[in-house]
Amino acid sequence: MPPTALLLEGIHDSADLRLQTDYVDVQRADRLSDANADILKEAIGIGIRSRTNLDAETLRKLPALSTVGCFCIGTNQVDLACAADSGIPVFNSPFSNTRSVAELVMGEIICLHRKLFDRSSGMHQGHWKKSASGAHEIRGRTLGILGYGHIGAQVSILAEAMGMRVLYHDHQPKLPLGNASQVDSLDTLLRASDVLTVHVPDTPLTQHMIDADAIGKMKSGAFLLNNARGSIVDLSALAVALRTGHLGGVAIDVFPDEPSENESSFSHELCGIDNVILTPHIGGSTREAQENIARDVAEKMAKFLTTGSTIGAVNLPEVALRERPDQLRILHIHHNVPGVLSRLHATIAQVGLNINAEALDSNAHRSCVLLDVDPSDDPAVFKVLGAMPETIRLHTFLPNPPESPSAQTV
Ligand code: NAI
């Protein structure tokens, strides 16, 4: 019988296609429930989005589980340490919605320059207000990008294509794309930008990075966009700057406290202020992003199940080897204590197997070793490796795999 992966929460069906390519049988359900208990007992993989909680208790009830795919960005719905203690790599897709966010940013920049939301809601309320006052083209305006990573760099390309001058600040040196220029400080960026768009992650260094002081350094009438994380911009300071007319408008997609349920009510001090675009954290929410996420996470799960690659795992060290189908491949996940590697080598040598390729990576607690050895069906080596007290989990991948993933877990 082929191994099974259970996909929950309406994950895009490009995931099924990718897993089936490696002969994994895909089953579907909305959520974990008693109705799928039998499938879960056998499942080697489980795919979830943000609503399924895989806590320690749930993970312990899934004896065959080899890998978890979080078909989203965040992974805090999974007990990552518990999964790592069972040698279960957890994969996610941090960058599949980059383009969706960048496109939203461009849309918002134009909307702010033309006061589009105010004009449109005025019409809905029955007011015809034709005026060029305060309306601008974006061509020739200066866009400041704070954080020139995946999203910031995409915004840079799109903005230049529309005739904007692009400056950016990043705490790492970053190769400028097109004619963009890196500036030496946040202060310089704030003072030079007609529009500031924020694309740094949530870290202790970025919390309230855009506070009243920073906003005060921005040009009078400038626009500010935050599609990154709610902790980065002080929204109360922003409300003051909008009410006093220091800022000309803002677009905010992320908030310090976001409702966990859809259809929740929402109120905020920014509500009702002119030229303020508020969106419910939808920067990355497009069909295309969902499809990219499904393909990306399914690819990582399939690679793990067929080749032992842990590249992209958020809770285990990352190892991979190029594919060598004539070899017996061993993935040994163990506690990171001295002496394990030499005993691993000695054990393999004792049964007369030659190691032909090896990759090792460790974090403070755990190590992953991926080995290609001469083909063998001698169970002795697997027994000894599996029985080492430091072993967390042992996966083997047989040479010339038949029509199913060949991982066998000890
Ligand atoms: P990334 O990791 O590719 O880029 C972040 C950049 O910020 C890096 O170049 C980094 O060097 C820079 N950076 C970090 N700390 C900094 C500091 N203190 N000062 C200056 N630069 C700093 O991240 P990516 O994918 O571009 O995402 C950016 C943000 O967008 C993240 O906060 C992410 O959570 C958020 N995001 C929001 C979405 C939404 O739905 N609104 C969807 C996807 C991402």
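Predicted model: local features only at pLDDT ≥ 70, side-chain atom pairs only at ≥ 80, totals over all residues.
Me: How many residues surround the ligand, and which are the closest?
Reply: The ligand is surrounded by 25 residues, and the closest are His-150, Ile-151, Asp-170, Lys-174 and Asp-253.

Me: What lies 2.6 Å from an N or O atom in the side chain of His-150?
Reply: That is an oxygen atom of the ligand.

Me: Turning to helix 5 and helix 7, at what angle do their axes cross?
Reply: The axes of helix 5 (residues 98-113) and helix 7 (residues 150-161) cross at roughly 45° and come within 9 Å. Helix 5 is therefore oblique to helix 7, and the crossing is right-handed.

Me: Which residues of helix 7 make that contact?
Reply: Helix 7 contributes His-150, Ile-151, Gln-154, Val-155, Leu-158 and Ala-159. By class, the contact comprises 8 nonpolar, 3 polar and 2 charged residues.

Me: Now helix 12 and helix 13: why do they count as roughly antiparallel?
Reply: Helix 12 (residues 340-350) and helix 13 (residues 379-387) pack at about 160°, and they are roughly antiparallel because angles over 145 degrees count as such. Their axes are 9 Å apart.

Me: Which residues form the contact there?
Reply: Leu-344, Thr-347 and Ile-348 of helix 12 meet Val-381, Val-384 and Leu-385 of helix 13. Of these residues, 5 are nonpolar, 1 is polar and none is charged.

Definitions and conventions:
Residues numbered from 1 in each chain as written. Heavy atoms only, no water. Axes fitted to C-alpha atoms, helices over the stretch in contact; angles between N-to-C directions. Helix = DSSP H or I, 4+ residues; strand = E, 2+ residues; numbered from the N terminus. Parallel < 35°, antiparallel > 145°, perpendicular 65-115°, else oblique. Contact = heavy atoms within 4.5 Å. Nonpolar A, V, L, I, M, F, W, Y, C, P; charged D, E, K, R; others polar. Near = heavy atom within 4 Å. Polar contact = N/O pair within 3.5 Å; in protein donor to acceptor, adjacent residues only side chain to side chain. Left-handed = near helix turned anticlockwise from the far one by under 90°.
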